[in-house]
Amino acid sequence: MKGLRKIVDNVKPTFVEGGKLGFLASFFDAIETFLFVPNTTTKKGSHIRDCIDMKRTMFFVVLALIPAFLFGCYNTGSQVGLEGFTAFWYGLVRVLPMLAVSYVVGLGIEIVYAQIRKEEVAEGYFVTGFLIPMIMPVSTPLWMVALGVAFAVIFGKEVFGGTGMNVFNPALVARAFVFFAFTPQMSGEKVWFSDWKMMGATDATTGATALEQLATKGEMQWSAMDAFLGFIPGSFGETSTLCILLGGALLLYTGIASWRTMLSVFVGGLAMGYLFQAVGMTEYPAYYHLLVGGFAFGAVFMATDPVTSAQTNMGKYIVGFLTGALAVMVRVVNPAYPEGMMLSILFMNALAPTVDYFVVEANIKRRNNRVKTVK
Amino acid sequence: MSKIIKLRKGLDINLQGKAAESVVDTPLAKEYAVSPLDFENVTPKLLVKVGDKVKAGTPLFFDKNNQRVLFCSPVSGEVSAVNRGEKRKILNVVVAADANQESEEFAVLDLKKASRDEVIEQLLKSGLWTMILQRPYGIVANPADQPKAVFVSAFDSAPLAPDFNFALKGEKDALQKGMEVLAVLAGGKPHVSVKANAEGEMASLNGVELHTFAGKHPVGNVGVQIHHIDPISKGDIVWTVNIQDVAAIGRLFLTGKVDLKKVIALTGSEVEKPQYYRVISGAPISTIVAGQIKKQAEGDSVRIIAGNPLTGKKVAQDGFLTATAHQVTVIPEGDKYEMLGWIAPRFNKFSVSRSYFSWLCPKKQYKLDTNINGGPRAFVVTGLFEEYLPMDIYPMYLFKAIIANDIDKMENLGIYEVVEEDVALCEFVDPSKTEIQQLVRDGINLMIKEC
């Protein structure tokens, strides 16, 4: 440890402002604080501080994504006719370029912005960058991923002031951008299956996703158990509800994601599903909605984003419920576009501040009334 | 027995170095200091110069913003220095103590006959008025105001805080007298809050409105107690007094003398033998910590804090005890790099987050240093501050209103009800490492300026 510290200390003067490579100060700082928690001590206020920081918080979100990611690797291979470890290996190789593009482009832009603002690089993108490949269909061309990432980071986040200031979930902005900018390439059946011929991958018998089948035929070719475990076509990381719930359990246990949001998204989705079932608009059971498409992934990893979701506890219940309900409504009522989760979360991102506004106003009113009752 | 007010929110941080129940009487020190910086919003104007002879209770300076408020010497002797900082700002006035201590003589007032004005005048002249603080804002009270009520918290719930039942043993008469003084000021019974199951002598004080609280820190903060007894709204003024200061006020009215002795808890993981010390207010820190700080390894250093680790002030080894401190804490400085610390399990560090393991061992006592454990970021995590501020307030929205300098919002969201100590836990738990106590003080100062 001491040796590494010495090396860092030796090169540090080159990278501080005024040094030869001063324009890389934020980049250097990001690496240094990654390797070493800084020796900064408290100057004002509380002399002791909790040992949690943003890095740890974001790291645990990435950790929670790992089960779904690993399963995504396996499923990608299995959808093109591979089995066992080969399937996993195939999927991993298939997704790595996308992951690399996501991080290189996204972090690159983040570092430039941090340098312009003379701030430290915020950790938010470590999560966003991991999320983006997981919510894209596996055959999304890399240049599209790069464009989507650039758009999301610049217009979804940095124009608002960076991590913590953004209105919309950046990963979903990327997904929405890619979907709406390249609709012909991003819809249809082919994009959900890997197009790389290697390791003995067969030409997949492509078919409609579970969501599309439910929307058009009112039933799907897979059993509910297959959908729950994740052996269905879909975006890279979204198919296995089981693995997503494993990650969700970690987030809830550590308290990093809000159980209020997560629970109420599921409740909202179920309630809406049962309503449609009751009035006869759908024939399949309501819980199917939670198993197919991006519902579970969105509920656990996207709707719970603390920055873009509601900030008050009451607001979390309301926004969560509406997110779930709206997602199912889009799925059932809108025949042209079978997936509602992405749009629902983005829409509720826009609405969340308004919900919070009313919750806080109620608090102000309650506090003002208190005066009258006491006196 | 009144009903117990139970608070669910809050946090007790279990630190090493709690003071043992024994008191050391410190000898008279060479010098004592009074600092205007121990009080918020005070602009001092000197009344003495170096070389002047003073007694305990002789005014040293007054506050230009609140001209009747005098700050007096805690001991008799000779003014030996007026220390100034940038722009000639007065840092403190130092008095070299005489071997024979004398006090200014004040009349022993009969509180049943004396008018409220006479009582106020006595407190002002003796300098003890500075112990009476006003909410909102946490500044020295204006003697021209008539407060809605007076509140006293009889216990401190901060980490390693002194046990006032122990520190004030034998001061029952002074406390009783002090409460009578407060009753005159309030025009009614003062509110006194005690801790459930540790009420001690405090519960037997007469002529007070007794409240019993249970829960975790900040349950002992008078601001939190006021919120649950009779909350402050716009236009309200209430006064608060620390329980040890009540005893000092009581002694003035019992004897007619200024006697600023108090019992300080010396605490913290770097103290050889944490225990209590009887000192005179404004004493040099060295009289308390000398020979008591554990030997440090090479390259390590300690931080001495006048007060508790959440809200106290950092003082130098040759500095003086602040007027408001009832505790001195010594903890290690955290000016060390920690390799990959943010991934490490960190068994010896404390966190409220379950991404660490400290929640598994609630009884464990921690040795925490002053490292900030991260870097400053924008607010990201939500719903966390609410758990550590037991008030009907949305802290995040209040903080954001302060950042935006939005006076209307600050007022509506509760700026009148909080001072720094109430939000100290929010600052402690914040993963974004925002300086929240300073933020709240900035907001309060803006309110004072604009309203």
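Five of the five residues of strand E13 (residues 191-195) of chain B are buried, so E13(B) is largely enclosed by the rest of the structure. A residue counts as buried if 20 or more other C-beta atoms, placed from the backbone, lie within 10 Å of its own. Helices (H or I, at least four residues) and strands (E, at least two) are DSSP runs, numbered from the N terminus. This is a predicted model, in which local features need pLDDT of at least 70 and side-chain atom pairs count only at pLDDT 80 or more, while totals for chains, interfaces and linings use all residues. Residues are numbered from 1 along each chain as its sequence is written, and chains are lettered from A and ligands numbered from 1 in the order in which they are written.

**Strand E13 of chain B and its partners**

- His191(B), Ser193(B) and Lys195(B) point one way from E13(B), whereas Val192(B) and Val194(B) point the other way.
- E13(B) pairs in the parallel sense with strand E12 (residues 150-153) of chain B over three bridges; two strands pair if DSSP finds at least two bridges between them.
- In the pairing with E12(B), His191(B) has Phe151(B) standing opposite.
- Strand E14 (residues 209-214) of chain B also runs parallel to E13(B), joined by five bridges.
- Phe213(B) in E14(B) stands opposite Lys195(B).

**Contact between chains A and B**

- The contact takes 49 residues from chain A and 62 residues from chain B, where two residues are in contact if their C-beta atoms, placed from the backbone, lie within 7 Å.
- Elements of chain B that give two or more residues to the side touching chain A include strand E18 (302-306), helix H7 (395-403) and helix H10 (436-450).
- The largest share of that side of chain B, four residues, comes from H9(B).
- The residues on the side of chain B that touches chain A divide into 28 nonpolar, 19 polar and 15 charged; Ala, Val, Leu, Ile, Met, Phe, Trp, Tyr, Cys and Pro count as nonpolar, Asp, Glu, Lys and Arg as charged, and the others, Gly among them, as polar.
- Strand E1 (residues 36-37) of chain A pairs with E21(B) in the antiparallel sense over two bridges.
- Val37(A) has Glu338(B) in E21(B) as its bridge partner.

**Chain A overall**

- Chain A holds 16 helices and one strand.
- Of the 375 residues of chain A, 52% count as buried.
- The C-alpha trace of chain A spans about 75 × 65 × 35 Å along its principal axes.
- Residues 24 or more positions apart account for 70% of the contacts in chain A with a separation of 6 or more.

Note on methods: A residue is buried if 20 or more other C-beta atoms lie within 10 Å of its own, exposed if 12 or fewer, and partly exposed in between; C-beta atoms are placed from the backbone.
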